[in-house]
Structure formats: structure tokens, C-alpha cells
Amino acid sequence: MFTKNKYLNKNTAFKLIAYAVVIGMFWLKMNYIQSNIFTLNVENSNEASILAFNPLSSIFLIFGIGILLGGRRGMLVSYILGSLLLYVNILFYREYNDFITIPMLNQVANLAGMGGSIQTILEFSDILLFVDVLIAAFLLFYLKPQRLTSFTPKRREGIILAIIAIPLFMVNLQWAEQERTDLLERTFDRNMLVKYIGLINYHVYDAVLQGKTEMKKTLADSNELVPVINYMNENKQEDSDRLEGVAEGKNVILLSLESTQTFVVDNKLHGEELTPYFNDLKEEGIYFDNFYHQVKQGRTSDSEFLLANSMYPLNRGAVFFTHSGNEYEGLPSLLSENGYFTNVMHANDKTFWNRNVMYDSLGYDEFFSKEDYEVTPEKSHGWGYLDEYFFSDSLNKMKEMDKPFYSKLITLTNHYPFSLPEEEKFIEEGETSSGTLNRYFQTIRYQDEALKQFVEEFKQSELYDNTILVIYGDHFGISENHQEAMGEYLGKEINDYEQFQLQRVPMLIYGKGIEAEKNHTVGGQVDLRPTLTNLLGIEDSNPVQFGNDLLDKDRRELMITRDGDFASDEYVGIQGVCYDRETGEEVEADSCEPGFEAAQEELSVSDSVIYGDLLRYLDETEMVDTKGKQNKEE
């Protein structure tokens, strides 16, 4: 029989108060982190209310599960694990301005090579983020011990809390979708997901997405490649004959410059040029000033993937880890078939970013890694081998290679946290509010000096007459977390349009026989492969490529980012907002609708190829031409 004293007594009240305080502390913690540490761009009071409400469902869920499995101890374990999850995301966000995904957890091996970066993003004040854990432990185990015999959470209480989480989440989701329809379809925008459903709920949803991803390859068959080929045929452009074969039979040296953005080109600090050598060099080759990086969580490895396959990287994780075992029709494999000795030079560990596995999948003949260089402490700093020594050693290796060769060099020194030995600093630090940006100027200036040494030695070598040099930035170095400081340096407000434009990276094609020009076409890293094969006069039989020759005057000028944003010859589209590309002025949203639709379709098609490992079916797939007729691939 129900009695008031049985259910509503002092011990029960103590238990409920302890529950409320522990849950309340964790809610305050999540609310503070989401509102103050992450940059979620809350635009109105309704979004602020959603942001404050969304932690509740996940808190009830994790504490309910904790109580169900382990009573008070389970509740404390849930508190500790939840706090660690929040903190790991804080560290990741400081470094990448993004949230962790399950595929990124496969890359923990990279942590061994990130010691300097991790130390830089740790802050002494982070200790305060764990004070509440001690308070929770005190409340659950040490406050008035005589009452603890009665404070024994029961399984049904854990179940009740977990069940309450369901309607809380449904209210949260319905409320959020009033602000952003089809929210859960916008998986490319993790900031938006966290803003509307909360960090822990985002991780639960990410686990659901990962499960779906794992099933895609298992269930894929050759029929799924047919619509891909059909899409490619419908959007295919005729090969350009401009400069076609101008570098036929020549060696190719491709320099991937770490964290190098276009804003440093032709710019100064303290009255001194940041890239004086590159500023002059670009006047001697074909320089592209509207060339963007298109990477996501894989950073440098994503830029490598774009180059090798003319496909887009994934939105979650890095293809180099998640799908290194796929079958690819890589550019290195194509060049090897045409008599080239294909190789990569990168003075880092072979296993970093799983390169030793992925390079085999892409068809490289050889990988010159850290063990192939004379790396000493005197020649190293920060991330490893200083660029000047790396360039010199690599050039010596190329002089001895079989010809023709294709060599891709990946630099290290201009890497976060952007530190240098004192004797290698050619310019004083910047004077902005960001130490990261201030140091970045110095490593950029050092990189330019190392580049000068390399190119001048290259010009004096026997390679010069029969080699083309391609130089491009792999991804941004300064994230949007430093917008205020970037605005101080550039002397203007960094809004969404300006931040988008900062994603341009330098791109230069240089060599004997290449006439100088400044090319304004809008393009990105996905366009590198078709540009190179055209210059080399090599027929590329791979039908699944999304890029177009940058030298083709009639090319489609559409650069698509992994977030679904785009730049065209007329517009820049960012998260549903449309800007005039030349002026940066906001224009009618309808003007950008075709661009957004094209971006979503193209990214979806590219993803389907990777997730399903569809290129393994190329030899057995019925091709669909642009007239809709099916022809068996011969």
C-alpha cells in the first residue's frame, strides 16, 4: 500500500537533491562549454534557448544508464566519462575548429607525432573544468556518510531517467527544426548539429551514422556505380587542347606547402614582404589566384586524396584511414602505366596518417619517409626535419632517379604551432592578438626562404630543362578561431564571406616552356589531376573524376567545399547565404540555389563511390551515356 512516509522521507529527499545538484552541475558545465568555448554562432534568443535546453536529454540518458548499471558509482563514472568527452572535444576544437567523429578515433596513432601541438593547446585554466567532478564525488560518496546507506539508487530510477531523455530529445529536435528544417540531414555541418542538439547527442548521432556507413560497403554492388557513371557523363566536359602535351614526357615535381594560404602572397609585415621569393616566382609561371583548398578532417591527407583521385574527401574522418583498403584509379598508378617512376617524399614516419597503406592503394612506386633522410636534432624543430634540409636532400634524390619521374614533396616546418629556432627567424613576430598568427608569419617567411634555396638549385641542375614544377598550398593554417586577429592584420572585418575567401591557397605551374600568366579561374584541388594529365598529354581513362582542367577557358567554374558551400565565377554561397564573388555584397539567395544544389549532388555522388568502394566494379559496370543508351564497357 502506498504511504507518504514510505516514499517521501528525508533519505529520499536527500537522494533527489543529490540527483538534482549533480545533474544541474553537469548541465551548467555543458552549457558553459557550448556557449563560451565552442564558436556556434548563436544568432537569436530562440537559438540561445535551444542551446541551453539541448544538454538535458543527453544528461538524463548518461546518468540513467550509469545508475542502471552501477548505482552511485555508475553515476560518478558517467560524470567522469562525460567530462572527459567534453574536454577531448575542447582540445580537438582548439586545434581543428571541429568536433571529433568516430572515424577520427581511428587516427589516435597520429597523437605520437603531435606532441608539440597538443602541449600548445593545453591551458592551465583547463583544471577548472574538472573541479565539478570532485564536487560530484563528494556529494555522491562523502557528504554525511550516515545517510549513504539509504542513498542506494535503484535500477528503476536509472530506467526512469533514461526514459525521460526520450521526450526531452524529441522536444529538443522539434524545437530545433523550427529554426533549421531537415537538421539531421545536414551531417556536413557539425557546428550546427552541436548548436541544436548538443555535443553528447551529436556523438550518439555520429555513432548511428557510422553504423550506416559500415553497412554501405557491405551491401554495395555493381549496380550502384551505374548512376555514378551516368552523372559523370552528363556533366563531362570535353578535354581542353590548350597547352595539351606541353610537358609531355617531362618530370613532375609537386610541392605541397604545409598550411599555406594565399593571403600571405604579396602581403607585408613590418614593411617586409612575407613571401618575397614566391612573389617573384609566380610572375614566371601560371599563377592561379582563385584556387581553394577543399579538405576536411583529413587536412594534408585530404589534399593528397583530392590530387590523386579528383574526388572529394569525406566529411567525417580521413579517407586515408577509413577507406585505405578501397580500390582506386589513382594518378600515381596512371603515371606508372605511362612510364613514370612515381614517389612521395615526406620526412615523417611512414605510418603517420596511414600513408604507408594508402600510398599502395593509390599506386605509388616508392615512399621516401623519415628513415630515408638524415634527420638529426640539429636539423629538426617542431614537427621534424626543417624544410631547407628536406628540400636539399630531396632534390639530390631526384637527380639520381629514373626518368621521367613524378615526385610529390610534402613539407613540415610551417605547421601548427608554428615555431622556429631563433636563427631561422627572418622576420619579427606579428603584433596581433593571436600568438598563433604572429608565429605563423615567421614560419611562412622561413618556408619562402627554403623554397628559394630549392628552386634556385633546381634551376642550376640538369633537371630544369625537362621538368615542370607545381606548387600549391595543402590547406589553411589559420582557422576561423583567429578571425579577430586576422581582421587586425588585414585591416577589415572578417565576416563569413571574408573567411571563405581566406580558404584560397597559392597554386603555381612553373617550368621551361611554360609562359607566364595570371589565371583568375575559380578552381580547387579536385582540378589538379585533370590539369596535370592535360599538360603531360596523357589520356586518363578513369571515368569517375569531378575536376576539370584549370587551363580550359570554357571550363565549369564551380569550386565546391566539403561543407556544401561553393564559389563560382559570379557567386559565393555559404550556408544558404549568397554573395557576389567580386564585391562580397550579399545578394538574393535564389541566385545561389543552382550552386548549392550542384554541390550537394556532387558531394553525394563522390561519397557513394568511397563508402561503397564502387571503383572495384568498373570493369563489370554497364555504362550509361548522355543519351541514355546503355553500352557494355569494353
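Tutor: K282 is buried, as its relative accessible area is 5%; buried means under 20% relative accessible area, exposed over 50%, and partly exposed in between, with a 1.4 Å probe and protein chains only. This is a predicted model, where local features need pLDDT of at least 70, side-chain atom pairs count only at pLDDT 80 or more, and totals for chains, interfaces and linings use all residues. Residues are numbered from 1 along each chain as its sequence is written, and side-chain values use heavy atoms, with hydrogens and water left out.

K282 sits in the loop between α12 (276-281) and β4 (286-288); helices (H or I, at least four residues) and strands (E, at least two) are DSSP runs, numbered from the N terminus. Setting aside neighbours within four places in sequence, K282 is in contact (heavy atoms within 4.5 Å) with V265, D266, Y287 and L508.

Now for L386, in the loop between β9 (384-385) and α17 (387-399). L386 counts as buried, at 2% relative accessibility. Apart from neighbours within four places in sequence, the contacts of L386 are K379, S380, H381, T413, L420 and Y446.

Finally, the structure holds one disulfide, meaning a pair of cysteine sulfur atoms within 2.5 Å. C578 and C592 form it, with their sulfur atoms 2.0 Å apart. C578 belongs to strand β18 (residues 577-580), while C592 is in the loop between β19 (586-587) and α22 (593-612), 14 residues apart. The link of C578 and C592 is right-handed, with 70° about the S-S bond, and both cysteines are buried.
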